[in-house]
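Please keep the sequence and the three-dimensional view at hand while reading.

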Amino acid sequence: MANMLALIHNETLKVWKKKRFAVIVLILMILIPVFVYAQMKISQSTTEKFHSDWRSELQSRITDNTNALSSDRIPEEWKKWRRALVQQLQYYLDHDINPQTPNAVTFTRTFMDNSVTLFIPLMVLAIASDLVSSERSTGTIKMLLTRPVRRWRILMSKLVTLTLYVSLIVITTALLCYLVSGLVFGYGGWGEPVFVGFQVQGADVNTNGVHAVTQGVYLLMQSGLIWVSAMVVSIIALMISVLVRSTAASFVTMMATIIAGTILANMASSWKSAKYLFNVNLDISSYLRGTPPPIEGMTLGFSLAILAIWGAAALIVSFTVFTKQDILN
Amino acid sequence: MNSSSWLWRILGWTALICLLVLLTGFGWALKDTWFPNVGQTLPEKSAPETATGGDWSGKKELFVTSIGDSLTKGTGDATGEGYVTRVVDSLAKQMDKPVHLVNNLAVNGLKAHELATELGQVGYRNAIGKADIVLMTIGGNDLFQIAQDGGSLIEGGDLSPELLLEQLPETEPRLETVFRKVRELNPTARIIYVGLYNAFYDLPEMRPASEVVAKWNDFAYGLAKADGNATVVPTYDLFEFSINRYLSSDHFHPNADGYARISDRIVQALQ
């Protein structure tokens with residue numbers, strides 16, 4: 001066990017010294033202010049238009065979406081999505097709850113929701129993609145494998161390191177987002193109520209199970225779900241990194257898969273079996289929000305099961321290949 | 001101890017704590033999804049908005065709310081303004097005080113009975129309750145039922161003056177309900193009902209439909225008179241001789257110039 005800990009220690013510091021995490025923090029520090037500024041501009045103009053009357057702003061959103069529903073040019077799937085949105089917004093209005101109170105927690109929650117399918121995976125890949133392949137391209141893999149340590153232990157230590165960094169990345173993203181946006185929107189908002197438990201059933205939203213949680217709890221649950229999806233991405237990236245020699249190739253492969261997933265999620269509703277692909281199931285925090293899933297019949301349980309199967313398969317492949325493969329060059 | 005050992009300790013522990021936090025969050029999310037509890041209690045609802053009423057000249061600002069169908073929405077106007085924004089703008093100019101549009105709640109294709117249902121919604125209650133002026137158009141979709149599908153309108157479809165006349169007794173009580181409900185929501189606001197016009201005046205076989213439209217407008221005017229603080233702004237005469245100049249390409253809704261003419265009339269009526 002001490003042996004294992006030493007390996008993890010070694011791996012963690014290797015990633016740190018390669019300044020991967022520093023790059024991620026740097027990217028966040030540049031991007032978050034950009035989004036905060038954009039959001040500030042948007043909310044300024046809406047406050048001006050609606051004289052800080054959130055009720056009429058909300059009603060206006062409902063009316064706009066209802067109007068979009070009457071257009072024949074909008075595909076049926078989008079209508080379903082909008083219909084659910086209208087019913088949710090109406091639920092907020094009926095209960096006199098502002099769904100978008102202007103504060104740092106709301107901003108963080110929205111930012112995290114929007115980053116789960118692309119931004120978080122991208123940052124995770126910055127670390128996961130070259131965990132093994134970089135050892136091979138620089139030749140250090142030979143040093144590693146000639147030590148009196150079993151090969152699976154080496155890969156295991158890399159996996160544990162990856163888990164630690166993924167956790168660090170998710171929390172850092174949320175934290176930086178909160179700290180930066182708080183400068184503009186104020187640091188309050190932890191206790192504001194958010195409704196969860198909307199259930200989309202065909203064209204209707206079932207509100208029987210709807211209950212309110214505080215935004216703080218929502219953020220915690222959401223981060224937990226985002227972490228799971230980021231972990232699956234990183235485990236699959238680890239597998240690619242074991243299989244492919246070049247870091248660039250493994251990064252590009254993963255990125256293409258992730259992007260394909262977001263595109264598929266937008267258009268695959270008629271291709272039902274696409275729901276068994278992992279990259280369509282990454283947006284699991286959307287189940288908290290209660291937005292209709294990309295493909296009929298997907299639920300939180302379903303998506304988690306799919307992600308678990310893909311993750312497990314990737315682990316099996318990684319470990320089998322890594323312990324068996326010959327190192328030539 | 002050297003620096004790398006310190007780094008490892010800080011890094012390791014921080015990451016471990018993050019991991020535990022996230023696992024808690026994940027567990028919580030599962031529990032909340034599959035075994036939800038009642039959840040926190042909600043804060044007390046705030047009182048609905050109410051209009052201040054009273055004389056307009058004494059007020060610092062005026063509030064306008066508009067409800068109804070595609071005409072109020074501004075469908076057909078390439079500038080996207082419709083008559084509502086134009087009325088608000090020119091009213092502000094002429095009265096020399098800020099006039100605010102609380103909300104334009106119009107929905108394309110809305111019918112009178114649907115509007116009556118919508119008037120029960122919280123959003124409508126607030127927006128109308130706050131207003132000094134309520135602008136509305138409704139009934140066009142009830143009478144001209146095929147108004148939904150744009151393109152085929154030009155041929156007139158299965159539309160006939162006789163059919164319109166048949167719709168009339170059914171639709172009139174609905175308009176009455178709408179007037180009554182708006183008044184319930186706001187006892188002091190001035191209600192402006194924009195009358196209907198015959199968009200098919202240029203089709204000889206649809207020319208008699210103007211009579212039906214006139215009957216409808218007459219009925220609306222009766223409701224407005226009974227109300228006391230409402231009026232009907234006529235539009236039936238605006239487009240008859242130059243339909244193509246003032247109607248948009250869907251041959252049903254006005255274009256930008258058409259809406260400008262409607263808004264001029266409303267502003268005149270309000271002064």
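The sections below treat the two chains in turn and then their contact.

## Overview of chain B

The structure is a predicted model. The secondary structure of chain B consists of ten helices and five strands. Of the 271 residues in chain B, 39% are buried. When contacts in chain B between residues at least 6 apart in sequence are considered, 78% of them join residues at least 24 apart.

The domain assignment divides chain B into domain 1 (1–36) and domain 2 (56–270). Between the C-alpha centres of domain 1 of chain B and domain 2 of chain B there are 60 Å.

## The sheet of chain B

Five strands of chain B make an open sheet with parallel pairing, and their order is S2-S1-S3-S4-S5. At the edges are strand S2 (99–104) and strand S5 (230–233) of chain B, each of which pairs on one side only. From one strand to the next, the twist averages 20 degrees.

Strand S1 (residues 62–68) of chain B pairs with strand S3 (residues 133–137) of chain B in the parallel sense, over five bridges. S1(B) is also joined to S2(B) by five bridges, and these two strands run parallel. B:Val64 has a bridge partner in each of these strands: B:Ile133 in S3(B) and B:Leu101 in S2(B). A further bridge to S3(B) links B:Ser66 with B:Leu135. S1(B) is mostly covered, with six of its seven residues buried.

## Helices around the sheet of chain B

Helix H3 (residues 82–95) of chain B contains 14 residues. From its first C-alpha to its last, H3(B) reaches 21 Å, close to the 20 Å expected at 1.5 Å a residue. Its buried residues include B:Gly82, B:Tyr83 and B:Val84, as well as B:Arg86, B:Val87 and B:Val88. After H3(B) comes B:Asp96, which has a positive phi, near 55 degrees.

## Selected elements of chain A

Helix H10 (residues 215–243) of chain A has 29 residues and reaches 42 Å from its first C-alpha to its last, close to the 42 Å expected at 1.5 Å a residue. H10(A) is mostly covered, since 27 of its 29 residues are buried.

S1(A) is covered on both faces. A:Pro193 and A:Phe195 lie on one side, A:Val194 and A:Val196 lie on the other, and all are buried. S1(A) and S4(A) run antiparallel and are joined by four bridges. Opposite A:Val196 stands A:His211 in S4(A).

## Two residues of helix H11 in chain A

A:Val252 is found in helix H11 (residues 247–267) of chain A. A:Val252 counts as partly exposed because it has 15 C-beta neighbours inside 10 Å, a number between the limits of 12 or fewer for exposed and 20 or more for buried. A:Val252 and A:Ser129 are 123 residues apart along the chain, and their C-alpha atoms are separated by 9.1 Å.

A:Ile263 also has its place in helix H11 of chain A. With 11 C-beta neighbours inside 10 Å, A:Ile263 counts as exposed.

## The contact between the chains

Chain A contributes 45 residues to the contact, and chain B contributes 39 residues. On the side of chain A that touches chain B, several elements each supply at least two residues. Among them are helix H1 (2–17), helix H3 (54–69), helix H4 (76–94) and helix H9 (151–185) of chain A. Strand S1 (193–196), strand S4 (211–214), H10 and helix H12 (286–289) of chain A also belong to this group.

The residues on this side of chain A divide into 23 nonpolar, 19 polar and three charged.

Terms used: Residues numbered from 1 in each chain as written. Chains lettered and ligands numbered in written order. Predicted model: local features only at pLDDT ≥ 70, side-chain atom pairs only at ≥ 80, totals over all residues. Expected span 1.5 Å × (residues − 1). Domains from an automatic or database assignment. Pairing = 2+ DSSP bridges. Axes fitted to C-alpha atoms, helices over the stretch in contact; angles between N-to-C directions. Contact = placed C-beta atoms within 7 Å. Nonpolar A, V, L, I, M, F, W, Y, C, P; charged D, E, K, R; others polar.
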